[in-house]
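Dear colleague,

Please find below the structure that I am handing over to you.

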Amino acid sequence: MSRNVLVLADVRDGKLRNVSLESLAAARKVAEGGSVTAAVFGSFAKDLVDPLAEHGADKVLVVTNHELDQYTTDGYFAAFKKVIEHINPDVIFTGHTAVGKDLSPRIAARLGLGLVSDVTRVELEEGRIVFTRPIYAGKAFVKKVFKEGTVFATLRPNNIEKGEADSGRKANVEELRVDVPADLLRTIVKDVVKKSTDGVDLSEARIIVSGGRGVKSADGFKPLEELASLLGGAVGASRGACDSGYCDYALQIGQTGKVVTPDLYIACGISGAIQHLAGMSNSKVIVAINKDPEAPIFQVADYGIVGDLFEVVPLLTEEFKKL
Ligand code: FAD
C-alpha cells in the first residue's frame with residue numbers, strides 16, 4: 001500500500017536537526033512506493049533543500065516567510081495547516097522536540113488527525129504501520145496501530161537510524177505562499193538567549209557525560225566537561241545536581257528534564273532515581289561511576305565502576321587521550 005508521507009523539518013539556527021533526517025528515514029520506510037514530501041519553514045528554507053532531497057524527500061515544500069525563522073505556535077500552526085491541506089498526507093512525521101511537542105497536539109486536535117508522540121520505532125507489519133513508544137517513564141513499551149485516517153507521529157531523536165545521504169538525489173521544489181498576518185501572532189520572538197549548550201545539542205548527542213549530586217560543586221563538573229569535550233559529546237546532569245546549583249537546568253535529564261538516547265551515557269555520581277532513569281534508560285550503552293556499590297544506577301548500567309568519580313573520570317580521560 002503506497003502512502004503519501006509528509007515530514008516537517010525541524011530546524012535550529014537555520015540548520016536541519018538530525019531528527020529531520022531520521023524522520024525522512026521513517027517516511028521512506030512507510031511510503032512503500034508513495035511519495036515523501038518535506039516541508040521547511042523560514043527565509044533560509046531554500047538552502048536546506050539539498051540535504052532533505054539527499055536523505056529521501058521526493059518533493060520539498062518551502063515556505064519562506066521570515067516570520068517563520070523562529071518557531072511560534074501561531075505562525076507554525078498557520079503554515080503547517082496550509083501545508084497539510086495542500087499535501088493531504090496519510091502520515092506526518094516530525095521530531096519529538098520542543099517544536100514537535102508544542103505543534104503536534106494542536107494540529108491533530110484542530111484537523112481531527114490521529115496522534116502518536118515520542119515514537120522510538122516505526123515498523124511495517126502486514127501492511128500496517130506499527131508505532132512503538134515508551135510508557136510508564138520508559139519501563140514498558142506500547143505498540144500502536146491506526147485503523148484509518150491520517151496519523152501525526154513525533155519521533156524521539158536518536159532512535160531511528162537516518163539513511164545514508166545520496167548526493168545524486170534531487171527533489172522537486174515547490175514554494176508555498178502562506179499568509180501570516182502580524183495580528184495572528186500572539187507571541188513574537190525578539191531574541192534567543194542560549195544557555196550552556198554551546199557545544200553539542202544534548203538531545204541529539206551521541207555521547208553524554210552526566211553528573212549528579214556526587215560532583216559536589218560547579219567546579220566538580222570540570223573533569224566531566226573535559227571528558228565530554230574529548231569524546232565530542234555533551235554534558236548532562238541529574239536534577240540533584242541542578243537543584244544543588246552545580247549546573248543549569250538546561251542540562252537536566254529525566255522525567256522533568258530532557259529525554260535522551262545517546263550511544264553512550266556515562267553517569268557520574270548519580271544514584272539512579274526512577275525520575276532520572278525515565279530520561280536516559282534507553283541509552284544504547286550505560287556506564288555508571290558511583291562510590292556506592294548498592295546505587296540503583298548499577299541495575300540499568302551495562303558497565304559499572306565502583307569508585308570515586310574524581311579519580312575515575314580523569315583516568316578515563318587520560319586513557320581516551322591515548323587512542
Ligand atoms: P543523589 O540521589 O543524592 O545521588 C548522588 C550519588 O552520588 C549517590 O549515589 C552517591 O553514592 C554518589 N556519589 C557521591 N559522591 C561520589 C563520588 N565522589 N564519586 C562517585 N559517586 C559519588 N531527577 C532527575 O535526575 N531528573 C528528573 O527529571 C527528575 N524529575 C523529578 C520529578 C519529580 C516529580 C520528582 C519528585 C523528582 C524528580 N527527580 C528528577 C529527582 C529524583 O527523584 C532524585 O532526587 C535525583 O535524580 C537525585 O539526583 P542524584 O542522583 O544526582 O543525587
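In this model a polar side-chain atom of His276 lies 2.9 Å from an oxygen atom of the ligand, a polar contact being a pair of N or O atoms within 3.5 Å. The model is predicted, so that local features need pLDDT of at least 70 and side-chain atom pairs count only at pLDDT 80 or more, while totals for chains, interfaces and linings use all residues. Residues are numbered from 1 along each chain as its sequence is written, and side-chain values use heavy atoms, with hydrogens and water left out.

The ligand is surrounded by 26 residues (a heavy atom within 4 Å of it). Arg213, Ser238, Thr256, Ser271 and Gln275 are the closest. By class, this shell has five nonpolar, 15 polar and six charged residues, with Gly counted as polar and Asp, Glu, Lys and Arg as charged. At least two shell residues come from each of α6 (239-243), α7 (274-280) and α9 (309-321) (helices are DSSP runs of H or I with at least four residues, and strands are runs of E with at least two).

The site of the ligand is the second largest pocket (more than half of its atoms lie within 2 Å of the grid points). A pocket is an open set of points on a 1 Å grid over the protein atoms alone, with protein on both sides within 12 Å along at least five of seven lines; lining residues have an atom within 4 Å of a point. The volume of this pocket is about 420 Å³. It is lined by 27 residues, and Arg213, Ser238, Gly269, Ile270 and Ser271 are the closest to its centre. The lining takes at least two residues from each of α6, α7, β16 (285-290) and α9.

Yours sincerely

Terms used. Polar contact = N/O pair within 3.5 Å; in protein donor to acceptor, adjacent residues only side chain to side chain. 1 Å grid on protein atoms, 1.4 Å probe; cavity = no way out; pocket = protein on both sides within 12 Å on 5 of 7 lines; lining within 4 Å. Points joined across faces, edges and corners; volume = space filled by probe spheres on them.
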